[in-house]
Structure formats: C-alpha cells, structure tokens
There are 2 protein chains.
Amino acid sequence: MNNITDIHYGPLPADSPYVKPFRFHYTQNGKQKSWDLLKVHDSVSIVIFNVTRRKLVFVKQFRPAVYHGIISGDGVEPGSIDMKKYPPEIAVTMELCAGIIDKPISIVEIAREEILEECGYDVPVDRIEQIIRYRSGVGTSGAEQTLFYTEVTDADKVSTAGGGVDDEIIDVVEYGIEEARQLTAKGTVITSPPSFLFGLMWFLANRAPKDA
Amino acid sequence: MNNITDIHYGPLPADSPYVKPFRFHYTQNGKQKSWDLLKVHDSVSIVIFNVTRRKLVFVKQFRPAVYHGIISGDGVEPGSIDMKKYPPEIAVTMELCAGIIDKPISIVEIAREEILEECGYDVPVDRIEQIIRYRSGVGTSGAEQTLFYTEVTDADKVSTAGGGVDDEIIDVVEYGIEEARQLTAKGTVITSPPSFLFGLMWFLANRAPKDA
C-alpha cells in the first residue's frame, strides 16, 4: 500500500490551509499567560461492525505525523533519514474510519460519506448511531470529535467503493472481536490514536455480542 | 479556579518553544505529496485509583486550545469575544493526571513526578504500572503517549502538594466508579480528550473492583 520514498521536511508556508498556528493570550488570577496552539477541523469517527462476519472494520494508512514523531523521538535530523532503518511501514496506523467536517452537511451525513468512501459500505444515516462527543488534542487544537457506531452487513458493501477518494491511500482491515480486544491488552505498543482505543473499548463494553 | 480575563490571539512567533510547525514532503506511488504538521513533546498519563476511598483521581484545568476550538467552531472572531456568552468555564477539561517528557529521566519517573505535583500523592515507581503506549494526534503531531496505572491510599497523600507547579492551576477531583462510568455513556458531550475516555474504560474493564 505504501511505496513511499523521498521523505524530507521544509518550513510551514504562511498560507497553509491545514495548520494555522497562533498564540493565545489571557490573564489568569492577574497574571498574563499565553499558549501556542493551532486551528484544526472538527471531525467524526465511526466504529463499524460487520454483523455478517462478526468483524470490526478499521482503516490503515501512512501517517506523516507519526513518521516524524518516531524519527524525531530518536533524534534523527530531517536531512539524513535512513529509510532502510526507518521504513514508512513504521508509521502506518490502524484507526477508526474517520473524516474532517469540511462541508455544510450534517455530521451524520459526513460519517455516512466516510463509511462509503473509506470502507465501501453504503449505510443510510438512520443506521448510524451517535455515541459520544469529546475534544481531541486538548493541548494544541481543541477540535471536537464525534464518535458514531454502525452495524453493516456484507449486503451493504459496494464493490467498487472504499480505499478513500482523490489521493487517499487507505487499506480496509477486519478484526475479530477477540483479536481486537488483544489490542487493548497491557503491554501493547501501537501507532493508533487514543480515539481508536476508546472506540474499540466502548464497542467491547457496550455493543459486542455477548456470546463473543 | 479560573478567574480568567482578557482573552485575545496573536500570530505565532517563529521561535515558539511549544509549537514547531513545518511541512513534510514525500513521494507515494510516484506522486509527490505533502503534509503540514507540528512537533510536540511525547507524554505520559496516569489513571490513579484511591483504594482507601474507592475513587478515581482526575485533574481539571482551563485549556486555551479547547476555548479556541469552541469559539472558532461558532465562528467568533478573536477580536470580538463576548466573555459573558463564552465564559472560561466552558473550556475547563477533565483529564487524567499527565505531563510531557521534557527531562532526561525514565518515563515512569516522569509519571511519578506528575502524580505528586498535580495530585499530591507520593508513590514509589514500583507501584506505577505501565499499561499501553499509543500515538496521540496522528493527523498533526504523532507524539507518543504512555498510559500508566497506580493505586494510591490516603496515607500516600502529601498535604502540601498537588495542584501543579509554577504557573499551573490544576484542580484535583475524585469520582466514584459508577459516577465515572456514566462519563462514557451514550449521549455524553464532554471537553475531555479521548485519552481520558480510553484510560477510564481501560480501568473499568481491567482494574475496577469486581464488587463495584
């Protein structure tokens, strides 16, 4: 899925549409303070359970931010990346199906589109259940993320869809319930975000079949 | 706890020690791509359970990024914030005790310091259990976060400690197990991050007393 080469960094252009950093000033108990942060889009994520085959449906993709996090944690300079030592696969993450809210449609419609575009299931909005809403990145962005849950069947699958749109390169993967539960076991080291782990545990506690 | 006034924004200075944004370039399947991201510190977070009183110990604090996320989601311009309509309390978050890794000591030592500084419990490192490690902010930062768990007693409490150090203003709050479980119920809208929700669910599934 990856076939990634020629990784390097450069300065952030002032007109980046994706990352808008700034300094936030306030006074607390008479003392002036500031906090550096950035604006990012609100988003949705969806726990998808295929009831026909009793499998959870996740997505995998190469994440530049994770690649950078790994190599910079090791002190590697951007100009001298040894891609044999740090192959792109180290930064492929497993996540819930998700997407940013960048259109003037309801958030459940955004969720519906992402389920179709990323995972290839065509599900009506009345089968997509809103679960919980929280703030991601409370230290840097404070964007809102809404978690949804949907149950799909093999009959909902649109054979030509999935894998993302435009330049997205997304692999769809399926996990059995016990196999997924192992991802939350003590000792796990995973490139997934906490929203994935929370969504998974919420499913296991609230929606997993009792005989699983 | 807050007493916050005079909120305004400004541009990010080029020498911000906290937010270092840049553009990441790579080639995937022959196509040049880029991704805008930022470097943030790796961190630890700790689920703290007081076994004397059977209470989970969390922290609350004002989060500028969440305040910004809320008002910008409503389309409020930085120069015209109505602080009666948007009081700082809307951006007070409940989180796990946590801290960034910014010293050359082991991560469990960092966890130990945060438990003492933020929550006022003096716990030796051999009572702090490492649970799971994941990547926070896979879209923008890719920083690593390690989740720990510790059980404390009232006897571990250092009366003069807690509430943060230096300029930190942190409130320590306690939740009973059932009260905490309600925070993960369907329909919840919360300013907490997903790492809080995951840590809480991990505790409920793996460490909460069975008779609770």
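How many bridges join β4(B) to strand β7 (residues 97-100) of chain B, and in which sense do the two run? Four bridges join them, and the strands run antiparallel. This is a predicted model, in which local features need pLDDT of at least 70 and side-chain atom pairs count only at pLDDT 80 or more, while totals for chains, interfaces and linings use all residues; side-chain values use heavy atoms, with hydrogens and water left out. Residues are numbered from 1 along each chain as its sequence is written, and chains are lettered from A and ligands numbered from 1 in the order in which they are written.

**Chain A overall**

- Chain A has four helices and ten strands; helices (H or I, at least four residues) and strands (E, at least two) are DSSP runs, numbered from the N terminus.
- Along the sequence, the order of elements in chain A is β-β-β-β-β-α-β-β-α-β-β-β-α-α.
- The C-alpha atoms of chain A fill a box of roughly 55 × 50 × 40 Å along the principal axes.
- Of the 212 residues of chain A, 53% count as buried; buried means under 20% relative accessible area, exposed over 50%, and partly exposed in between, with a 1.4 Å probe and protein chains only.
- Among contacts in chain A with a separation of 6 or more, 66% come from residues 24 or more positions apart, where contact means heavy atoms within 4.5 Å.

**Relation of the two chains**

- Three strands form an open sheet in the order β1(A)-β2(B)-β3(B), with antiparallel pairing; two strands pair if DSSP finds at least two bridges between them.
- β1 (4-11) of chain A and β3 (31-39) of chain B are the edge strands, each with a single partner strand, so one side of each has no neighbour in the sheet.
- From one strand to the next, the twist averages 25 degrees.
- β1(A) is joined to strand β2 (residues 20-28) of chain B by six bridges, and the two run antiparallel.
- P11(A) stands opposite F22(B) in β2(B).
- Helix α1 (residues 64-73) of chain A lies across β1 of chain A and across β2 and β3 of chain B, running at about 60 degrees to β3(B); axes are lines fitted to C-alpha atoms, for helices over the stretch in contact, and angles run from 0 to 180 degrees between N-to-C directions.

**K39(A)**

- K39(A) sits in strand β3 (residues 31-39) of chain A and, at 25% relative accessibility, counts as partly exposed.
- Not counting residues up to four places away in sequence, K39(A) touches Y18(A), K20(A), F22(A), H68(B) and S72(B).
- The C-alpha atoms of K39(A) and F22(A) are separated by 8.3 Å, with the two residues 17 apart along the chain.
- The side chains of K39(A) and S72(B) make a polar contact (3.0 Å); a polar contact is a pair of N or O atoms within 3.5 Å, where within protein one must be able to donate a hydrogen and the other to accept it, and residues adjacent in sequence count only if both atoms are side-chain atoms.

**Strand β4 of chain B**

- Eight of the eight residues of strand β4 (residues 43-50) of chain B are buried, so the strand is largely enclosed by the rest of the structure.
- S43(B), S45(B), V47(B) and F49(B) point one way from β4(B), whereas V44(B), I46(B), I48(B) and N50(B) point the other way.
- In β7(B), S45(B) has A98(B) as its bridge partner.
- Eight bridges join β4(B) to strand β9 (residues 143-152) of chain B in parallel, and V44(B) has T146(B) in β9(B) as its bridge partner.
- Three bridges pair β4(B) with strand β5 (residues 55-62) of chain B in the antiparallel sense, with K55(B) in β5(B) as the bridge partner of N50(B).
- β4(B) and β5(B) form a hairpin with four residues between them, and R54(B) in the turn has a positive phi of about 50 degrees.

**Cysteines**

- The structure holds zero disulfides over all chains; a disulfide is a pair of cysteine sulfur atoms within 2.5 Å.
- C119(A) is in no disulfide, and the nearest cysteine sulfur, that of C97(A), is 4.1 Å away.
- C119(A) counts as buried at 1% relative accessibility.
- In chain B, the sulfur of C97(B) is 4.1 Å from the closest cysteine sulfur, in C119(B), which is too far for a bond.
- C97(B) counts as buried at 0% relative accessibility.
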